[in-house]
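The entries below follow the order in which I looked things up.

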Amino acid sequence: MLFNLQILFDIAPITNIQLILDGIFIGAVLALGAYGLALVWGVMNVKNLAQGDFIILGGYIAFALAREGVHPVMALPIVMVLMAMLGWMVYVFMIRRVIEQDMFTSLLATFGLSLLLQQVMNLIFGPEVQVIDSHLPNYQLFNDSVTLPVVKLLSLGMVAVLAVLIVLFMRKSRMGQAIRATAQDERAARVLGINTDRIYAFTFALNAAICGAAGVMVSMIWVLQPFYGISYSLRSFAIVTAAGLGNLPGVISTGFGLGLIEQYTGFILGAEYQVASAVVMLLLVLVYRQRRAKRKRQVVR
Amino acid sequence: MKSFSFKTISAIATLSASLALSAPALAKVEGDTIILGAAISLTGKYSTNGLHTQRGYDFAVDRINDLGGVKVGGKSYKLSVKYYDDESTPARAAQLAERLIQQDGVEYMLGPYGSGLTKAMAPVSEKFGVPMIEAEGASRSLFTQGYKYLFAVLSTSEQYLAPVVELAAAKAKAAGKEPSSVTIAMAFENDPFSLDVREGIVDTAKKYNMRIVIDDKLPADLSDMSATLTKVKAIKPDVLIVSGHSKGAATAARQIDEMTLQVPIVGMTHCEAAKVQEKFPAAANGFLCATQWVESSPKKDKYFGNASDWNAGFKKAYPEYTSVPYQSAQASAAVLVWKEAFEAANSFDKKQLRDAIAATDMETFYGHIRFSEFGNNIAKPMFMRQIDGDGNYNAIITPDDMVWPRKAQY
């Protein structure tokens with residue numbers, strides 16, 4: 001560990017740039033999945049345990065399209081449309097029936113959905129690890145000591161565009177306003193003539209589409225395996241719990257923060273602590289909030 | 001539909017219970033067929049390798065039956081395998097071992113796929129004194145438990161990548177440097193198999209007094225090892241070794257490619273399964289890959305001929321393979337050991353069979369098979385193969401066969 005710190009500060013300080021870049025790239029993808037979760041959680045009060053499996057499924061759809069010769073960047077809109085349709089169907093057949101029930105019913109239902117998706121992906125695509133080669137160049141900076149893969153830069157750009165679009169959509173469009181109204185007070189929204197059932201269906205479909213987009217990035221940057229969803233679900237939950245619901249800037253900055261923490265933890269303590277650092281971050285945030293809440297009595301909104 | 005009355009149900013229950021109790025648990029030899037039992041991963045995360053294993057078993061069983069079967073007590077018996085799907089889960093595998101032995105009366109077992117599942121089944125077959133010849137569980141920890149009825153035809157996992165260190169030492173010497181000047185970076189998944197592989201490296205590195213500069217453990221759901229590889233890029237070691245099944249190989253190849261790492265020697269396991277030569281041909285050029293068996297091996301037996309004959313026959317039986325995984329080869333070898341053990345013991349008694357297996361000393365197309373007192377095969381070495389620029393795997397018999405430093409073409 002000391003040796004690793006020595007590399008960072010003494011032997012090759014340039015490594016910091018690599019870690020920061022990687023952290024930002026990872027954080028962008030994590031933030032995307034987390035934002036979808038925050039949306040569903042905030043609007044419908046459904047904690048979607050199948051979040052990570054939606055991400056992996058999106059990646060596999062991109063993989064299937066890539067086998068047909070479609071470049072993953074071109075596949076992105078197709079994947080989002082297909083995933084939105086799937087999300088809509090899942091809502092109609094499943095979520096609608098558990099939304100009025102208590103928390104455990106929706107947790108159990110989405111956990112079941114997660115298992116189902118894993119096994120279906122395993123049957124269709126097999127358990128081997130799959131990758132997509134995006135055929136994009138990697139730039140070597142600072143005398144070959146920092147790598148800047150175009151594919152990661154591209155995903156960062158796509159995440160930024162998606163985030164702006166989502167914010168504009170939520171602020172400006174009638175549907176976005178209706179979604180926010182339903183999130184604030186479902187009954188009042190209904191009284192004012194908003195069809196909340198449609199809003200829920202749309203929100204869930206939007207979440208699935210966002211996950212699909214994240215999945216396409218995952219397939220280009222990392223690897224796909226039917227059972228990898230859990231690590232993305234876990235990080236999404238950590239980010240949303242730490243950032244709070246309905247707070248897009250918070251979710252995105254927490255995503256970047258988690259990306260950086262993971263990279264530095266992996267470098268200094270070893271890769272085995274990388275995913276653990278997400279949980280540790282969550283713990284620290286919760287402890288801090290608890291202490292602050294004790295000092296200042298405040299109303300939880 | 002009306003439900004059955006309580007009386008009917010209890011009558012059926014009693015009847016079936018008494019039937020089950022009175023049915024003789026004697027399925028081990030039915031007529032002129034010897035029944036071997038196996039739990040195999042046909043679904044779940046090991047299903048691909050499970051299928052490779054099953055096909056290896058079936059291919060050898062068919063060949064032995066075609067050649068006249070197994071002769072015991074002057075009579076010819078056919079072999080047949082009773083399979084169950086263990087769904088890639090250890091708990092299910094243990095259950096199925098119990099079911100095969102207790103309900104189906106199987107007294108001769110073939111192993112499942114992988115160390116984890118073998119570890120789950122071995123205590124059960126041991127408890128009932130049923131010999132199990134396995135071909136797919138390489139973890140060293142299987143052979144430190146004092147099992148008397150477990151035998152493995154493959155090399156144990158600590159031998160997997162140790163030859164990489166030997167090769168590095170040989171190359172350092174050839175370049176006029178001390179082997180102790182070699183630095184090693186390594187990353188291993190935190191699972192029994194990969195940690196065994198790590199032990200083998202640590203022991204060999206100690207022998208040459210080499211310095212291990214990076215020693216990372218990778219999580220089980222590993223898809224990102226860029227932090228580790230960033231370290232490699234900063235330190236520039238002479239050797240990089242990665243082991244984490246096929247996901248480890250795929251992730252490493254992808255990120256080595258991305259970071260254009262120039263480490264002169266890169267060794268890993270499961271290159272073939274991850275198809276690194278197809279997906280990342282530039283980075284994979286020069287990778288050293290551990291394998292249990294090479295089809296160019298000159299070893300032979302009277303059932304299949306030499307290794308390439310077995311390879312050709314297997315491809316003919318299963319044309320969907322372009323290159324045959326070693327998992328199938330070793331599965332076939334396990335069936336051969338059973339065949340010879342039956343004939344050597346000339347008996348169906350499991351105790352006598354156990355002793356016959358323990359005394360096995362035979363050459364097969366897969367390599368020589370002789371078991372230590374712990375049940376692992378000590379007569380067969382591991383092989384290393386190096387990927388070349390065209391994606392071919394070339395066997396490395398002497399250090400001169402190795403391209404060093406590797407020529408990655410990014």
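Which residues form a positive surface patch? I found A:Arg291, A:Arg292, A:Lys294 and A:Arg295 in that patch.

Ground rules, noted before going further. I am working on a predicted model, where local features need pLDDT of at least 70, side-chain atom pairs count only at pLDDT 80 or more, and totals for chains, interfaces and linings use all residues. Residues are numbered from 1 along each chain as its sequence is written, chains are lettered from A and ligands numbered from 1 in the order in which they are written, and side-chain values use heavy atoms, with hydrogens and water left out.

**Patch entry.** I noted the patch criteria: residues with over 30% relative accessible area and no salt bridge, like charges joined within 9 Å, nonpolar side chains (Val, Leu, Ile, Met, Phe, Trp, Tyr) within 5 Å. Lys and Arg count as positive and Asp and Glu as negative, while His and the chain ends are not counted. A charge is placed at NZ of Lys, CZ of Arg, CG of Asp or CD of Glu. Accessible areas come from the Shrake-Rupley method with a 1.4 Å probe, and for residues only the protein chains shown count as cover. I located A:Arg292 in helix α12 (residues 276-295) of chain A; helices (H or I, at least four residues) and strands (E, at least two) are DSSP runs, numbered from the N terminus. A:Arg292 has a relative accessible area of 31%, so I logged A:Arg292 as partly exposed; buried means under 20%, exposed over 50%, and partly exposed in between (1.4 Å probe, protein chains only).

**Disulfide entry.** How many disulfides does the structure hold over all chains? I counted one, a disulfide being a pair of cysteine sulfur atoms within 2.5 Å. The partners are B:Cys271 and B:Cys289, with sulfur atoms 2.2 Å apart. The pair links distant parts of the chain, 18 residues apart, with B:Cys271 in helix α9 (residues 271-274) of chain B and B:Cys289 in strand β12 (residues 288-291) of chain B. The angle about the S-S bond of B:Cys271 and B:Cys289 is -95°, a left-handed link. I found both B:Cys271 and B:Cys289 buried. I also looked up A:Cys211, which counts as buried because its relative accessibility is 0%.

**Salt-bridge entry.** A:Asp197 is partly exposed at 29%, and A:Arg96 is partly exposed at 35%.

I then checked B:Glu258 and A:Lys152, whose closest N and O atoms are 3.0 Å apart in a salt bridge. This pair crosses between chains, from helix α8 (residues 245-259) of chain B to helix α6 (residues 150-172) of chain A. Both B:Glu258 and A:Lys152 are buried.

The salt bridge of B:Asp355 with B:Lys351 has its closest N and O atoms 3.4 Å apart. Why are B:Asp355 and B:Lys351 separated by about one helical turn? They are four residues apart in helix α14 (residues 350-358) of chain B. Salt bridges that share partners join A:Asp22, A:Lys152 and B:Glu258 into one network.

How values were computed:
Salt bridge = Lys/Arg side-chain N within 4 Å of Asp/Glu carboxyl O.
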